[in-house]
Amino acid sequence: MQLPPLQWYPGHMARAVKNLTAHLQRVDVVIEVRDARIPHSSTHPLLATLAPTGVIVLNRRDQVPFPVGQRWSEYLTRPERPIILTEARQGQGLAQLRQSLAQVGHGLNQRRQRRGMLPRAVRVAVVGCPNVGKSALINRLLGRRVASSAPKAGVTRQCQWVRLGGDLELLDTPGILPPRLEDQQAAIYLAICDDISEAVYDGYLIGLALLARLWVLPSPAVNPQNGLHKRYQLAPQDHTPEGYLAALAEKKCGGNLNRSAQMVLNDFRRGNLGQIALELPDFH
Ligand SMILES: Nc1nc2c(ncn2[C@@H]2O[C@H](COP(=O)(O)OP(=O)(O)OP(=O)(O)O)[C@@H](O)[C@H]2O)c(=O)[nH]1
(Lines give C-alpha, C1' and ligand atoms only; values in the text may rest on other atoms or scores of the structure.)
Protein backbone atom coordinates (compact mmCIF):
# COMPACT_ATOMS: atom_id res chain seq x y z
CA MET A 1 0.00 0.00 0.00
CA GLN A 2 1.44 3.38 -1.03
CA LEU A 3 0.40 6.35 1.12
CA PRO A 4 0.89 9.97 0.01
CA PRO A 5 3.84 11.51 1.97
CA LEU A 6 2.88 12.71 5.44
CA GLN A 7 4.24 16.02 6.71
CA TRP A 8 3.13 18.21 9.61
CA TYR A 9 5.07 21.28 10.66
CA PRO A 10 2.65 24.05 11.62
CA GLY A 11 3.94 27.56 12.38
CA HIS A 12 3.53 27.14 16.14
CA MET A 13 5.80 24.07 16.02
CA ALA A 14 8.55 25.92 14.15
CA ARG A 15 8.36 28.68 16.80
CA ALA A 16 8.35 26.08 19.57
CA VAL A 17 11.55 24.43 18.31
CA LYS A 18 13.30 27.83 18.20
CA ASN A 19 12.02 28.72 21.65
CA LEU A 20 12.93 25.33 23.08
CA THR A 21 16.49 25.53 21.78
CA ALA A 22 16.93 28.78 23.73
CA HIS A 23 15.27 27.42 26.88
CA LEU A 24 17.31 24.21 26.90
CA GLN A 25 20.48 26.21 27.54
CA ARG A 26 19.34 26.99 31.10
CA VAL A 27 17.94 23.54 31.88
CA ASP A 28 19.71 20.99 34.12
CA VAL A 29 17.93 17.87 32.94
CA VAL A 30 15.69 16.96 30.04
CA ILE A 31 12.88 14.44 30.35
CA GLU A 32 12.15 13.16 26.86
CA VAL A 33 8.66 11.65 26.80
CA ARG A 34 7.99 8.98 24.18
CA ASP A 35 4.98 6.87 23.39
CA ALA A 36 5.57 3.29 24.66
CA ARG A 37 3.62 1.96 21.66
CA ILE A 38 6.18 3.53 19.28
CA PRO A 39 9.39 4.41 21.20
CA HIS A 40 11.46 4.53 18.03
CA SER A 41 9.11 6.71 15.97
CA SER A 42 8.18 9.10 18.79
CA THR A 43 11.65 10.55 19.27
CA HIS A 44 12.95 13.79 17.77
CA PRO A 45 16.46 13.85 16.19
CA LEU A 46 17.07 17.31 17.65
CA LEU A 47 17.00 15.89 21.17
CA ALA A 48 19.88 13.51 20.52
CA THR A 49 22.11 16.56 19.97
CA LEU A 50 20.52 19.13 22.29
CA ALA A 51 19.80 16.78 25.15
CA PRO A 52 22.00 13.69 24.91
CA THR A 53 21.71 13.01 28.63
CA GLY A 54 18.66 13.07 30.87
CA VAL A 55 15.76 10.73 31.35
CA ILE A 56 13.64 8.98 28.75
CA VAL A 57 10.09 8.36 29.86
CA LEU A 58 8.15 5.72 27.95
CA ASN A 59 4.63 6.88 28.69
CA ARG A 60 1.37 4.96 28.08
CA ARG A 61 2.87 1.82 29.55
CA ASP A 62 -0.72 0.67 30.20
CA GLN A 63 -1.21 0.41 26.42
CA VAL A 64 1.52 -2.15 25.68
CA PRO A 65 2.06 -5.68 26.99
CA PHE A 66 4.23 -5.53 30.12
CA PRO A 67 7.16 -7.62 28.70
CA VAL A 68 7.41 -5.31 25.67
CA GLY A 69 7.79 -2.25 27.89
CA GLN A 70 10.50 -4.04 29.87
CA ARG A 71 12.30 -5.05 26.68
CA TRP A 72 12.29 -1.50 25.35
CA SER A 73 13.57 -0.27 28.68
CA GLU A 74 16.54 -2.68 28.58
CA TYR A 75 17.22 -1.87 24.94
CA LEU A 76 17.29 1.93 25.37
CA THR A 77 18.93 2.25 28.78
CA ARG A 78 22.36 3.93 28.97
CA PRO A 79 24.30 4.80 32.17
CA GLU A 80 23.77 8.52 31.53
CA ARG A 81 20.15 8.16 30.45
CA PRO A 82 17.77 6.03 32.53
CA ILE A 83 14.50 4.77 31.06
CA ILE A 84 11.33 5.04 33.11
CA LEU A 85 8.01 3.49 32.15
CA THR A 86 4.98 5.54 33.20
CA GLU A 87 1.24 5.80 33.04
CA ALA A 88 0.89 9.55 33.41
CA ARG A 89 -2.87 9.74 33.95
CA GLN A 90 -2.72 7.47 37.01
CA GLY A 91 0.76 8.56 38.08
CA GLN A 92 2.34 5.11 37.77
CA GLY A 93 6.14 5.08 37.55
CA LEU A 94 6.36 8.60 38.94
CA ALA A 95 8.09 7.62 42.19
CA GLN A 96 11.05 6.38 40.14
CA LEU A 97 11.04 9.55 38.07
CA ARG A 98 10.97 11.75 41.18
CA GLN A 99 13.87 9.76 42.61
CA SER A 100 15.92 10.29 39.42
CA LEU A 101 15.21 14.04 39.52
CA ALA A 102 16.09 14.22 43.22
CA GLN A 103 19.45 12.58 42.44
CA VAL A 104 20.15 15.16 39.74
CA GLY A 105 19.20 17.93 42.18
CA HIS A 106 21.45 16.53 44.87
CA GLY A 107 24.45 16.35 42.48
CA LEU A 108 23.77 19.86 41.17
CA ASN A 109 23.59 21.45 44.61
CA GLN A 110 26.66 19.61 45.85
CA ARG A 111 28.59 21.12 42.95
CA ARG A 112 27.13 24.56 43.70
CA GLN A 113 28.01 24.26 47.37
CA ARG A 114 31.62 23.40 46.49
CA ARG A 115 31.76 26.65 44.52
CA GLY A 116 30.26 28.60 47.41
CA MET A 117 26.89 29.06 45.72
CA LEU A 118 23.45 28.78 47.32
CA PRO A 119 21.29 25.77 46.46
CA ARG A 120 18.60 26.23 43.84
CA ALA A 121 15.71 24.28 42.32
CA VAL A 122 16.56 21.78 39.55
CA ARG A 123 15.35 23.00 36.18
CA VAL A 124 13.73 20.24 34.21
CA ALA A 125 12.36 20.44 30.67
CA VAL A 126 9.67 17.98 29.61
CA VAL A 127 9.92 17.53 25.86
CA GLY A 128 8.69 15.21 23.13
CA CYS A 129 6.33 14.70 20.22
CA PRO A 130 2.75 16.00 20.30
CA ASN A 131 0.20 14.08 22.37
CA VAL A 132 2.64 11.70 24.07
CA GLY A 133 1.48 12.77 27.54
CA LYS A 134 3.88 15.57 28.56
CA SER A 135 1.20 17.74 30.16
CA ALA A 136 -0.43 14.79 31.92
CA LEU A 137 2.97 13.86 33.34
CA ILE A 138 3.61 17.41 34.59
CA ASN A 139 0.17 17.61 36.19
CA ARG A 140 0.82 14.34 37.98
CA LEU A 141 4.29 15.38 39.11
CA LEU A 142 2.88 18.61 40.49
CA GLY A 143 -0.24 17.01 41.93
CA ARG A 144 -2.41 19.72 40.37
CA ARG A 145 -3.63 20.68 36.93
CA VAL A 146 -1.34 23.37 35.53
CA ALA A 147 -0.92 22.11 31.97
CA SER A 148 -3.75 21.45 29.47
CA SER A 149 -3.94 17.75 28.67
CA ALA A 150 -6.25 16.54 25.91
CA PRO A 151 -6.53 13.64 23.44
CA LYS A 152 -5.44 15.80 20.52
CA ALA A 153 -2.03 16.65 19.06
CA GLY A 154 -0.80 20.23 19.42
CA VAL A 155 -2.70 21.36 22.54
CA THR A 156 0.30 22.96 24.29
CA ARG A 157 1.41 25.95 22.20
CA GLN A 158 3.90 27.78 24.46
CA CYS A 159 6.83 26.91 26.71
CA GLN A 160 5.70 27.43 30.30
CA TRP A 161 7.74 27.22 33.55
CA VAL A 162 5.97 25.81 36.60
CA ARG A 163 7.41 25.38 40.09
CA LEU A 164 7.13 22.34 42.32
CA GLY A 165 7.91 23.23 45.94
CA GLY A 166 11.39 24.67 46.34
CA ASP A 167 13.17 21.76 44.66
CA LEU A 168 11.93 21.56 41.10
CA GLU A 169 11.09 23.91 38.24
CA LEU A 170 9.43 22.24 35.26
CA LEU A 171 9.27 23.53 31.71
CA ASP A 172 6.17 22.33 29.85
CA THR A 173 6.83 22.52 26.12
CA PRO A 174 4.76 22.20 22.95
CA GLY A 175 5.03 18.90 21.10
CA ILE A 176 7.69 18.98 18.39
CA LEU A 177 8.32 17.06 15.18
CA PRO A 178 11.10 17.44 12.60
CA PRO A 179 10.38 19.93 9.77
CA ARG A 180 10.47 17.01 7.33
CA LEU A 181 9.36 13.56 8.35
CA GLU A 182 12.08 11.66 6.49
CA ASP A 183 11.05 8.32 7.92
CA GLN A 184 7.57 7.85 6.49
CA GLN A 185 7.02 4.59 8.36
CA ALA A 186 7.51 6.56 11.58
CA ALA A 187 5.13 9.25 10.28
CA ILE A 188 2.43 6.63 9.72
CA TYR A 189 2.86 5.29 13.26
CA LEU A 190 2.67 8.84 14.62
CA ALA A 191 -0.59 9.35 12.71
CA ILE A 192 -2.00 6.02 13.94
CA CYS A 193 -1.20 7.03 17.53
CA ASP A 194 -2.85 10.45 17.03
CA ASP A 195 0.44 12.33 17.39
CA ILE A 196 -0.05 14.20 14.08
CA SER A 197 -3.00 16.44 13.25
CA GLU A 198 -5.73 14.48 11.44
CA ALA A 199 -6.04 17.44 9.05
CA VAL A 200 -2.97 16.20 7.12
CA TYR A 201 -3.87 12.59 6.41
CA ASP A 202 -6.57 10.38 4.94
CA GLY A 203 -8.22 8.59 7.89
CA TYR A 204 -9.18 5.58 5.77
CA LEU A 205 -5.57 4.98 4.67
CA ILE A 206 -4.21 5.38 8.20
CA GLY A 207 -6.88 3.03 9.58
CA LEU A 208 -5.90 0.55 6.89
CA ALA A 209 -2.21 0.97 7.78
CA LEU A 210 -3.07 0.14 11.39
CA LEU A 211 -4.85 -3.06 10.36
CA ALA A 212 -2.01 -4.00 7.99
CA ARG A 213 0.37 -3.65 10.95
CA LEU A 214 -1.88 -5.68 13.26
CA TRP A 215 -1.98 -8.44 10.66
CA VAL A 216 1.81 -8.94 10.82
CA LEU A 217 2.65 -8.16 14.46
CA PRO A 218 4.27 -11.06 16.30
CA SER A 219 2.49 -12.39 19.37
CA PRO A 220 4.62 -10.64 22.05
CA ALA A 221 3.47 -7.27 20.69
CA VAL A 222 -0.22 -7.94 21.20
CA ASN A 223 -2.30 -9.46 23.95
CA PRO A 224 -2.96 -13.14 23.35
CA GLN A 225 -6.64 -12.25 23.41
CA ASN A 226 -7.41 -10.77 20.01
CA GLY A 227 -8.89 -7.36 20.69
CA LEU A 228 -10.46 -6.92 17.25
CA HIS A 229 -12.51 -10.07 17.49
CA LYS A 230 -13.59 -9.29 21.02
CA ARG A 231 -14.55 -5.71 20.18
CA TYR A 232 -16.41 -6.26 16.91
CA GLN A 233 -17.29 -9.98 16.91
CA LEU A 234 -15.55 -10.19 13.56
CA ALA A 235 -12.65 -12.64 13.23
CA PRO A 236 -9.50 -11.08 11.67
CA GLN A 237 -8.24 -14.38 10.26
CA ASP A 238 -11.19 -14.52 7.84
CA HIS A 239 -10.19 -11.26 6.11
CA THR A 240 -7.44 -9.18 4.55
CA PRO A 241 -7.09 -5.73 6.20
CA GLU A 242 -9.14 -4.14 3.36
CA GLY A 243 -11.74 -6.91 3.64
CA TYR A 244 -11.92 -6.43 7.39
CA LEU A 245 -12.66 -2.71 7.11
CA ALA A 246 -15.30 -3.45 4.47
CA ALA A 247 -16.93 -6.16 6.63
CA LEU A 248 -16.84 -3.86 9.66
CA ALA A 249 -18.35 -1.04 7.60
CA GLU A 250 -21.22 -3.36 6.58
CA LYS A 251 -21.74 -4.62 10.10
CA LYS A 252 -21.51 -1.37 12.08
CA CYS A 253 -21.24 1.72 9.88
CA GLY A 254 -23.92 1.50 7.19
CA GLY A 255 -21.30 0.52 4.60
CA ASN A 256 -19.18 3.64 5.20
CA LEU A 257 -15.50 2.68 4.94
CA ASN A 258 -14.20 5.97 6.33
CA ARG A 259 -16.28 5.51 9.45
CA SER A 260 -15.14 1.94 9.98
CA ALA A 261 -11.48 3.03 9.63
CA GLN A 262 -12.06 5.85 12.11
CA MET A 263 -13.75 3.45 14.51
CA VAL A 264 -10.76 1.11 14.49
CA LEU A 265 -8.34 4.02 14.95
CA ASN A 266 -10.32 5.45 17.86
CA ASP A 267 -10.60 2.07 19.55
CA PHE A 268 -6.87 1.45 19.15
CA ARG A 269 -6.03 4.90 20.56
CA ARG A 270 -8.32 4.44 23.56
CA GLY A 271 -6.92 0.98 24.28
CA ASN A 272 -10.24 -0.72 23.47
CA LEU A 273 -8.46 -3.29 21.27
CA GLY A 274 -6.25 -4.38 24.16
CA GLN A 275 -2.54 -3.73 24.68
CA ILE A 276 -0.74 -3.37 21.35
CA ALA A 277 2.89 -2.34 20.75
CA LEU A 278 3.29 -1.18 17.17
CA GLU A 279 7.08 -1.30 17.50
CA LEU A 280 9.39 -3.80 19.15
CA PRO A 281 13.09 -3.09 19.72
CA ASP A 282 14.16 -5.63 17.10
CA PHE A 283 12.14 -4.30 14.19
CA HIS A 284 10.33 -1.10 13.24
N1 LIG B 1 -3.77 5.54 28.19
C2 LIG B 1 -3.00 6.58 28.54
N3 LIG B 1 -3.34 7.84 28.15
C4 LIG B 1 -2.55 8.86 28.51
C5 LIG B 1 -1.37 8.67 29.28
N6 LIG B 1 -0.79 9.89 29.46
C7 LIG B 1 -1.56 10.78 28.85
N8 LIG B 1 -2.62 10.19 28.28
C9 LIG B 1 -3.70 10.84 27.51
O10 LIG B 1 -3.12 11.24 26.27
C11 LIG B 1 -3.69 12.48 25.83
C12 LIG B 1 -2.57 13.46 25.53
O13 LIG B 1 -1.94 13.85 26.75
P14 LIG B 1 -1.26 15.29 26.92
O15 LIG B 1 -0.71 15.34 28.30
O16 LIG B 1 -2.19 16.38 26.51
O17 LIG B 1 -0.10 15.19 25.84
P18 LIG B 1 0.98 16.31 25.42
O19 LIG B 1 2.23 15.56 25.10
O20 LIG B 1 1.09 17.37 26.47
O21 LIG B 1 0.32 16.88 24.09
P22 LIG B 1 0.65 18.24 23.23
O23 LIG B 1 0.10 19.38 24.02
O24 LIG B 1 -0.05 17.97 21.96
O25 LIG B 1 2.12 18.32 23.03
C26 LIG B 1 -4.65 12.92 26.94
O27 LIG B 1 -5.97 12.51 26.57
C28 LIG B 1 -4.19 12.13 28.16
O29 LIG B 1 -5.24 11.86 29.07
C30 LIG B 1 -1.02 7.33 29.68
O31 LIG B 1 -0.02 7.05 30.35
N32 LIG B 1 -1.88 6.33 29.29
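Tutor: Val126 has Asp172 as its bridge partner in E6, and Val124 has Leu170 as its bridge partner in that strand. Both pairs belong to the parallel pairing of E4 with strand E6 (residues 168-172), which extends over 5 bridges. Two strands are said to pair if DSSP finds at least two bridges between them. Helices (H or I, at least four residues) and strands (E, at least two) are DSSP runs, numbered from the N terminus. What is described here is a predicted model, in which local features need pLDDT of at least 70 and side-chain atom pairs count only at pLDDT 80 or more, while totals for chains, interfaces and linings use all residues. Residues are numbered from 1 along each chain as its sequence is written.

E4 also pairs with strand E1 (residues 29-35); these two run parallel and are joined by 5 bridges. Here Val124 of E4 is the bridge partner of Val29. Strands of a sheet pair through backbone hydrogen bonds, either parallel or antiparallel.

The burial of E4 (residues 122-128) can be stated residue by residue. A residue is buried if 20 or more other C-beta atoms lie within 10 Å of its own, exposed if 12 or fewer, and partly exposed in between, with C-beta atoms placed from the backbone. Val122, Val124, Val126 and Gly128 point one way from E4, Arg123, Ala125 and Val127 point the other way, and all are buried. Because 7 of the 7 residues of E4 are buried, the strand is largely enclosed by the rest of the structure.

Pro45, in helix H2 (residues 45-50), is exposed, with 10 other C-beta atoms within 10 Å. Pro45 and Pro178 are 133 residues apart in sequence, yet their C-alpha atoms are 7.4 Å apart in space. Asn223 lies in the loop between helix H7 (203-216) and helix H8 (227-232), and counts as partly exposed because it has 14 C-beta neighbours inside 10 Å. Leaving aside neighbours within four places in sequence, Asn223 is in contact (C-beta atoms, placed from the backbone, within 7 Å) with Pro65, Gly274 and Gln275.

Among the helices, H9 (residues 241-252) and H10 (residues 257-269) pack at an angle of about 100 degrees, their axes 8 Å apart. Axes are lines fitted to C-alpha atoms, for helices over the stretch in contact, and angles run from 0 to 180 degrees between N-to-C directions. H9 and H10 are therefore roughly perpendicular to each other, a term for angles of 65 to 115 degrees.

As to confidence, the protein chain averages a pLDDT (the predictor's confidence in each residue, from 0 to 100) of 88, and 93% of the residues score at least 70.

Conventions
Parallel < 35°, antiparallel > 145°, perpendicular 65-115°, else oblique. Contact = placed C-beta atoms within 7 Å.
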